[in-house]
Amino acid sequence: MEKETQGMNSEPSVKIEVLFFAKAREITGLPDISLQVPPSSSAGDCLKILLTKFPRLEEICNSIVFALNEEYAPDSIILKNGDELAIIPPISGG
C-alpha cells in the first residue's frame, strides 16, 4: 500500500529520537519521543512538527539549541534515520 506512493530511492519517512531537556521536558511532560519525519527534514523542520504536537514549545522556540547525536548542531542540519535530536532550551541558574 504505502510502498506504491514512495519514490524509487527515497525512504517513506525518517525515524528519529527526540530528547527533551529542562523547560522543554517540563512543557511536553516527556523525557523523549520517537518521531517520524519526511526524508531530508532538518532539525528546524522537526521543531515545526513538534510545535504542532506541543504548542507550548512556542514559549521557548526562539532560544532552543539543538544537539544531533550529542554534538551541537544548527537548525539547518538534515536528519537521518536513527538520529538522536536533543532539544535544549536556555538554562538559567542562580
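Visitor: Which residue lies over the face of Phe21?
Guide: Arg25, at 5.8 Å from the ring centre. A charge sits over a ring if NZ of Lys or CZ of Arg is within 6 Å of the ring centre and within 35 degrees of the ring normal.

Visitor: What kind of model is this?
Guide: A predicted one: local features need pLDDT of at least 70 and side-chain atom pairs pLDDT 80 or more, while totals for chains, interfaces and linings use all residues. Residues are numbered from 1 along each chain as its sequence is written, and side-chain values use heavy atoms, with hydrogens and water left out.

Visitor: How many aromatic pairs turn up in the whole structure?
Guide: One. Phe20 and Phe54 sit edge-to-face, 5.9 Å centre to centre, with 75° between the planes. Rings of Phe, Tyr and Trp (its six-membered ring) pair if their centres lie within 6.5 Å; planes under 30 degrees apart are stacked, over 60 edge-to-face, the rest tilted.

Visitor: Where in the chain are those two?
Guide: Phe20 is in strand S1 (residues 14–20), and Phe54 is in the loop between helix H3 (43–53) and S3. They are 34 residues apart. Helices (H or I, at least four residues) and strands (E, at least two) are DSSP runs, numbered from the N terminus.

Visitor: Are Phe20 and Phe54 buried or exposed?
Guide: Both are buried. That means under 20% relative accessible area; exposed is over 50%, partly exposed in between (1.4 Å probe, protein chains only).

Visitor: New topic. Which side chain of opposite charge is nearest to Asp83?
Guide: Lys80, 4.4 Å away. Lys and Arg count as positive, Asp and Glu as negative; His and the chain ends are not counted. Asp83 is buried yet has no salt bridge. A salt bridge needs a side-chain nitrogen of Lys or Arg within 4 Å of a carboxyl oxygen of Asp or Glu.

Visitor: What polar contact joins the side chains of Asp83 and Asn69?
Guide: One of 2.9 Å. A polar contact is a pair of N or O atoms within 3.5 Å; within protein, one must be able to donate a hydrogen and the other to accept it, and residues adjacent in sequence count only if both atoms are side-chain atoms.

Visitor: And what is phi of Asn69?
Guide: Near 50°, a positive value in a residue other than glycine. Most residues other than glycine have a negative phi. Asn69 is in the loop between strand S3 (65–68) and strand S4 (71–73).
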